[in-house]
Amino acid sequence: MAEPSPPPASNAGLRILLSKDRPAPSPPPTAAVSSHADRDRIIGVFRSALSRNESPETFSLQTVQEAIKPQKETVLVLEENQSLENALRTLLQELVSSAVQSGKKIMQYGNSLDSGESNCLITRLLDIVLYLCERGHVEGGMVFQLLEDLTEMSTIKDCKDIFGYIESQQDVLGKQELFGRGKLVMLRTCNQLLRRLSKANDVVFCGRIIMFLAHFFPLSERSALNIKGVFNTSNVTKYEKDAMDGISVDFNFYKTLWSLQEHFSNPALTSTNAAKWQKFSSNLAVVLSTFEAQPLSDDDGKLNNLNEEEDAAFNIKYLTSSKLMGLELKDPSFRRHILVQCLIFFDYLKAPGKNDKEGPTGSMKEEINSCEEHVKKLLEIIPPKGKEFLKSIEHILEREKNWVWWKRDGCLAFEKPPFEKKLGQAGGRKRKPRWRLGNKELSQLWKWAEQNPNVLTDPDRVRMPSITEYWKPLAEDMDPSAGIEEEYHHKTNRVYCWKGLRFSARQDLDGFARFSDYGIEGVVPSELLPPEVNARFSSKPAEKVKRTRREDSKGASAQPKEQQVAATPETDGGGSGGDPEEGAAPVDSDNGAVEDSQKRSPGEVSGPESGQCEPEADADDNVKTETTSRDARAGEK
């Protein structure tokens, strides 16, 4: 029985099915023709520009504007950059093909016999694109793409010339505006060249590429740092496993020595495997004891010293033939090669990572330290200049430690931006500003003088203020009616007081002399002070001398009366007490006491203020008593 047929679809569904099954319409042929025509037109414009003998700076931008007709005058948009790059890559391919057909070198194609390399068409094209990329007219990675295409289309011989051009433009290619866009392309280009080169025949060219990468990329570039610490395990050292007939060499020592290279090529495997570590330590002990038992003399060091040879060549690896074992043991460089490998191996084991769990255990640490000291002693006695060589190796290994830790910390940037303190930042310690001339005033004065030279000749500037004008602020502070507190007085300003004393020393010597008695307030002129304040500073030095005389006379009258009676002559003898000189003697002694008091120093004269302010009645009573006693003695006589 036949299956029932599906119901007929509607007209709309039929139209949908037909549109699904219909193939996509092909673009109109005019669009492809237009793109090819534009590309050919751009190539033609640049071909004509290559024949110009002017500098690329003069016509490069004009050539781009003529070929592309950009929307903006000096900068191309994305689609315009893509069109220009495709056209230039096609033009570069045509130039390389023409150079190969002509039989000339690529970087010399287009040169005339007498013009040198300045007219090379490919070099001119690269210079034009490099200038446009440097100025920002086109996308910065365009020149790197052209260089990659050029190396891929060239032979190794031509690549050497191309790389010479790259080295000559290293400073321009390394600028920040170009480096960020083309560093990955340049790294890919150099790596592809290194893969094509032979490590045996093209050693110099490989070294040039590696040196260029080291200078072109910054030190913190992570692509060349081996962050994971991967070892080159493919570098296998092959040596003889079975002894050969007729060889007078300890074959066991031969295998023991060269077996160390298996551990040196992959230190991580040896440090994590206990059996491998025991094997390594036992083999190393045998090698070190053999080196120590067969020391080298100074003559061996002189015979193998290559410092004097100008064209000395050093191989990366030593030959492993058992026939050469006896000669290699007498070679100081060979011994140093093995021992330095041991130090590098120990250096890795002591600092494998950030965590202490990844490091060696306690027993392994002791073995490493003892072996390391043994290796250093052997390096020190190997001629020539063993101590200097060991010191250099230790310095290099110390720097290598810093390098390893820096990589494992994430390759932090060496250059740090300057610290900018925020305005709202609180809690920070304030630092004193540094002035050019010691303080703010002198620095500001010097700045004003530089900005306005006429200020140095201003008559208002070269004017010394008068004493009354300068001390007026301090006199106002001293007025009690002003009510100014003590801490706000001008006398607390040391600079103000120091300047005022200099002015007073020049203009008012009397006021300057009062400084020693009354302080800075005594220097203020009296006409500026109120009467009640001026009274405190109006006393004269002569009054002090009078007060001192009174104190001396008071001290003389205070002597005991017994001394005065003993000094009186006898009344029953009729002696010479009637002479007037004897009666006047006590008065002369008083005058002498006054003269002595005047000759004393000011410190001895001045006394406490309480002694100076006593009343004068006591001194007058003493004088009257002495006069009465003299009169009584004269009557009795």
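## Salt bridges, a helix face and a buried histidine

R47 and E94 form a salt bridge, with their closest N and O atoms 2.9 Å apart. A salt bridge here is a side-chain nitrogen of Lys or Arg within 4 Å of a carboxyl oxygen of Asp or Glu. The pair links distant parts of the chain: R47 sits in helix 2 (residues 29–50) and E94 in helix 4 (residues 78–102), 47 residues apart. Helices are DSSP runs of H or I with at least four residues, numbered from the N terminus.

This is a predicted model, in which local features need pLDDT of at least 70 and side-chain atom pairs count only at pLDDT 80 or more, while totals for chains, interfaces and linings use all residues. Residues are numbered from 1 along each chain as its sequence is written, and side-chain values use heavy atoms, leaving out hydrogens and water.

**Salt bridges**

The whole structure holds 14 salt bridges. Side chains of opposite charge can pair when their charged atoms come close.

| Pair | N to O distance |
|---|---|
| R47 and E94 | 2.9 Å |
| K376 and E394 | 3.5 Å |
| K491 and E486 | 2.4 Å |

How accessible are the partners? Buried means under 20% relative accessible area, exposed over 50%, and partly exposed in between (1.4 Å probe, protein chains only). R47 is partly exposed, at 37%. E94 is partly exposed too, at 32%. E394 counts as partly exposed because its relative accessibility is 35%. K491 has a relative accessible area of 26%, so K491 is partly exposed. E486, at 46%, is also partly exposed.

**Helix 3**

Helix 3 has 13 residues (residues 56–68). Its expected span is 1.5 Å times one less than its number of residues. The buried residues of helix 3 are P56, F59, S60, T63, V64, A67 and I68. Seen down the helix axis, these buried residues fall within an arc of 145°, so they line one face of helix 3. The arc is that of the directions from the helix axis to the C-beta atoms. An α-helix has 3.6 residues a turn, so residues three or four places apart point the same way. Just after helix 3, K69 takes a positive phi of about 55°.

**H263**

H263 lies in helix 11 (residues 251–265). H263 is buried because its relative accessible area is 5%. Which residues does H263 contact, leaving aside neighbours within four places in sequence? They are T270, K276, F280 and F345. Contact means heavy atoms within 4.5 Å. The side chains of H263 and T270 are joined by a polar contact of 3.2 Å. A polar contact is a pair of N or O atoms within 3.5 Å; within protein, one must be able to donate a hydrogen and the other to accept it, and residues adjacent in sequence count only if both atoms are side-chain atoms. H263 and K279 are 16 residues apart in sequence and 9.7 Å apart in space, C-alpha to C-alpha.

**Cysteines**

C159 is buried, at 0% relative accessibility. C206 is buried as well, at 12%. How many disulfides are there? With a disulfide taken as a pair of cysteine sulfur atoms within 2.5 Å, the count is zero.

Technical notes:
Helices (H or I, at least four residues) and strands (E, at least two) are DSSP runs, numbered from the N terminus.
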